[in-house]
Protein chains: 2
Amino acid sequence: MNQRAFHITRADLGLFTDLYELTMAQTYFEWGMFAPATFYLFFRSYPPNRGYMVCAGLEDVLDFLEGVSFGDGSREYLRSTGMFTGDFLDFLGGLQFNGSVRALPEGRIFFANEPVLEVTAPMIEAQLVETLIINRLNFQSLQATKAARCVGAARGRAVSDFGARRAPGVDSALTMARSGFISGFQSTSNVMAARRYGIPPAGTMAHSMITAFPTELEAFRAYAAAFPQRTILLLDTYDTVEGAHNAAQVGKEMEAQGHRLAGVRLDSGDYLDLSRQVRRILDEADLDYVRIVASGGIDEYEIERLVGEGAPIDIFGVGTRVTTSADAPYCDMSYKLTCYDGRPVMKLSPDKVSPPGAKQVYRLRDSEGQFERDVVALLDENLPGGEALLETVMDGGRKTGPCPSLAEMGERFHQDFERLGDHFKQLHNPPHYPVTFSSALTRLTGEVQGQILENLDFSGD
Amino acid sequence: MNQRAFHITRADLGLFTDLYELTMAQTYFEWGMFAPATFYLFFRSYPPNRGYMVCAGLEDVLDFLEGVSFGDGSREYLRSTGMFTGDFLDFLGGLQFNGSVRALPEGRIFFANEPVLEVTAPMIEAQLVETLIINRLNFQSLQATKAARCVGAARGRAVSDFGARRAPGVDSALTMARSGFISGFQSTSNVMAARRYGIPPAGTMAHSMITAFPTELEAFRAYAAAFPQRTILLLDTYDTVEGAHNAAQVGKEMEAQGHRLAGVRLDSGDYLDLSRQVRRILDEADLDYVRIVASGGIDEYEIERLVGEGAPIDIFGVGTRVTTSADAPYCDMSYKLTCYDGRPVMKLSPDKVSPPGAKQVYRLRDSEGQFERDVVALLDENLPGGEALLETVMDGGRKTGPCPSLAEMGERFHQDFERLGDHFKQLHNPPHYPVTFSSALTRLTGEVQGQILENLDFSGD
């Protein structure tokens, strides 16, 4: 059997779950607990310096839910653990996801303590899919949010994903390209992602090529000869300023052959100072059309600084720090049961209360169309004046329609981002966007909490 | 076509590369640069609070190198970009990796500025595989290192991987289980990883099950009835102390039926105080054999604190912060060309110098067998008295032998960890382990640097 961590077949996919999901499922099975359950996905606390999140990863989740199964090999493995009964394993063999899903479309902005996705399905189906649902939406939304911060800081300059090599895995490299494109990145260096998602591929050249040739100038000329339409020359292998002079020379040679040097790339050193020196060298050679790319340790904070100081950089290539969401590598998304068999439920763990019942989120805008506040309400309420954010995307285990294109998701992001106040987009310590609970939800929360506390017997102490 | 980010076929795998690898490859192709090249993988700077790294991910890399190809669909995509020539695409169609690889075995400890892996292959083959090699070794080594820190801090208490849901992707969830097991974790909650890698699966129960039943006591009893051999009861859904009393009651009921309650789990609150209270409640019910599991926001720092304060916790379930390597979510591993066609090469970018030539690492020990220092030397040197760390693991594109088992990797880790001085294992600001370059490597570095500087023409300024 091939053991590569990034090779996963459809028949295996059911096993991407925590063991306790399966042991709980067997318990439900034995107790005949097949009634519908509603779970919702949300996050409680903003990751550091975050004032909003961008939704990404839903398409993965819906593909998974349509295809999840426990194939023969998976059931054989479970049988070998000695933990599960034959009846339960037979039941798993026929299991499909037949539930419904309401969710925030990808590209939309969301906030703490509001549902991003809600699953209603027979208890076992809804329970078993927890691990993968969180896995797909939590990190992709972090990546989309990190990308949005870069795009915001770049103020119109282009941003490209260069993160494949230091992404935390192969699939997170692919999702970075996708999530980044949703949030406004222009391209990706990741060829597999470019093909898979229809994102423009982008690239320059590496130090290895420069050093493989006898001199930098020879390497530049060779590359320009091979790719006269899209040559971007890397300047810092030996000395960035000297590299800029060599690039200018090759740029003039390309002009003589009817071509144009597309760009040069800085990859180390003081980007502000070097970009100014390089711009001057290029301009003095009448190469004002040659664009400057900066890469190497760049994130939204560095982009903001460089743009603020007027660095003549046209394209930011972002890699390691963005694809890992380095300053905020996790978000605390949870998937909580809020209703079982028609009964609203909740837990009371300290600082981890999750209000009961199926829900909807309404977004209210001010007179200028800007986002004003969100209200989390019970599903059967109707709050006039607000936009209902969660859409039914799956019914009876089938998607309700084709998945939107990445361009559509990008347009949604763009519209939401425009309508979100600038203070929520601050890179440092943004304020919290107002999210409140409707009076009906607050009332129900109090009622359920009261019932639980009544049932608890504290006399045992 | 299925677009799930975690579904990748072998025929596609060549495309998991950065675009510039392919454009450089076409340039090499056009210039007839098919001579052998040597690249090496290393990191320059320790991630925060790290004094060593644990190697993981090599098996993935070797599987990839044996299987990498550019299938028809991949080449069709490349053709559609309009960037590549027909001759080059035909060449790609027949491309395999035929090179050799020398590498540090998985589980071994390594340090900054020393080679972890060295590839020697025809230039194009060696260049195209850069992106995936870094991707697989960089993050898996970070995960293995994070796990080693947890295991060290736990001082003999068990640590289990609970990270699947908030891992940065599906494959990083699988690699966390695998890397953690190499570094001494006892089990994983991730069923797919448990099956794939033969790791013991572990699990407890979730709040959702407690809330789905009318009362906590009923949920506990139902689970105990379903899994009398391996029941671990979750205490904090409503109130941890009350939960402990309910667990003790169920524990006594299990005893009456000839079973033993395996454990209880804390998932929120003050773990030190609660673990003491819960231990007392269990002990007073003569349930001293029931183990206490703690989970929820736990990492090596929290484990060190709890163990140091004597919290009666037997098993730490680590999730989000460990699987993301949250305090150090990236390492700066690079893959640099050091030799082309017999000529040693290097780059001179500020703070990014990489010494030229094919290398070996020698590890010297003191009289008690403890690691004393490492020496990076040229491959053709022979440093007496040191252990040569890099082994030939691939030759002519084929693995030189079967991959070691995870148990063997774990044993290697255990031996290295024992021989590494305690100060390098400090969780905060450990000193740097001494790594020096041999005099021959230092001399060659100076020579190559001198030649490059001679060739550079600074008069252009």
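## Helices crossing between the chains

Helix α10 (residues 216-226) of chain A and helix α1 (residues 19-30) of chain B have axes that come within 9 Å and cross at roughly 100°. α10(A) and α1(B) are therefore roughly perpendicular to each other, a label for angles of 65 to 115 degrees; under 35 counts as roughly parallel, over 145 as roughly antiparallel, and the rest as oblique. Axes are lines fitted to C-alpha atoms, for helices over the stretch in contact, and the angles run from 0 to 180 degrees between N-to-C directions. Helices (DSSP runs of H or I, at least four residues) and strands (runs of E, at least two) are numbered from the N terminus.

On the α10(A) side, A:A222, A:Y223 and A:A226 meet B:Q26, B:T27 and B:E30 of α1(B). Contact here requires that the C-beta atoms of two residues, placed from the backbone, lie within 7 Å. This contact has three nonpolar, two polar and one charged residues. Ala, Val, Leu, Ile, Met, Phe, Trp, Tyr, Cys and Pro count as nonpolar, Asp, Glu, Lys and Arg as charged, and the others, Gly among them, as polar.

α1(A) and helix α10 (residues 216-226) of chain B pack at about 100°, their axes 9 Å apart. That makes α1(A) roughly perpendicular to α10(B). A:Q26, A:T27 and A:E30 of α1(A) make this contact with B:A222, B:Y223 and B:A226 of α10(B).

## Model and confidence

This is a predicted model, in which local features need pLDDT of at least 70 and side-chain atom pairs count only at pLDDT 80 or more, while totals for chains, interfaces and linings use all residues. Residues are numbered from 1 along each chain as its sequence is written, and chains are lettered from A and ligands numbered from 1 in the order in which they are written.

Chain A has a mean pLDDT (the predictor's confidence in each residue, from 0 to 100) of 95, and 97% of its residues reach 70 or more. For the model, ipTM is 0.96 and pTM is 0.96.

The same surface serves both copies, as 99% of the contact residues of chain A recur in chain B.

Across the interface, 103 residues of chain A are in contact with 103 residues of chain B. Helix α1 (residues 19-30) of chain A gives the largest share of the side of chain A that touches chain B, eight residues. By class, the residues on that side of chain A are 49 nonpolar, 32 polar and 22 charged.

## Helix packing within chain A

In chain A, helix α7 (residues 170-182) and helix α15 (residues 406-419) pack at an angle of about 50°, with their axes 7 Å apart. α7(A) and α15(A) are therefore oblique to each other. A:R178, A:F181 and A:I182 of α7(A) meet A:L406, A:M409, A:G410 and A:F413 of α15(A). The residues of this contact divide into five nonpolar, one polar and one charged.

## A sheet in chain B

Six strands of chain B form an open sheet with parallel pairing, in the order β7-β6-β11-β10-β9-β8. Two strands pair if DSSP finds at least two bridges between them. The edge strands, β7 (187-188) and β8 (232-234) of chain B, each pair on one side only.

Strands β10 (residues 291-295) and β11 (residues 315-318) of chain B run parallel and are joined by three bridges. B:S295 has B:G317 in β11(B) as its bridge partner.
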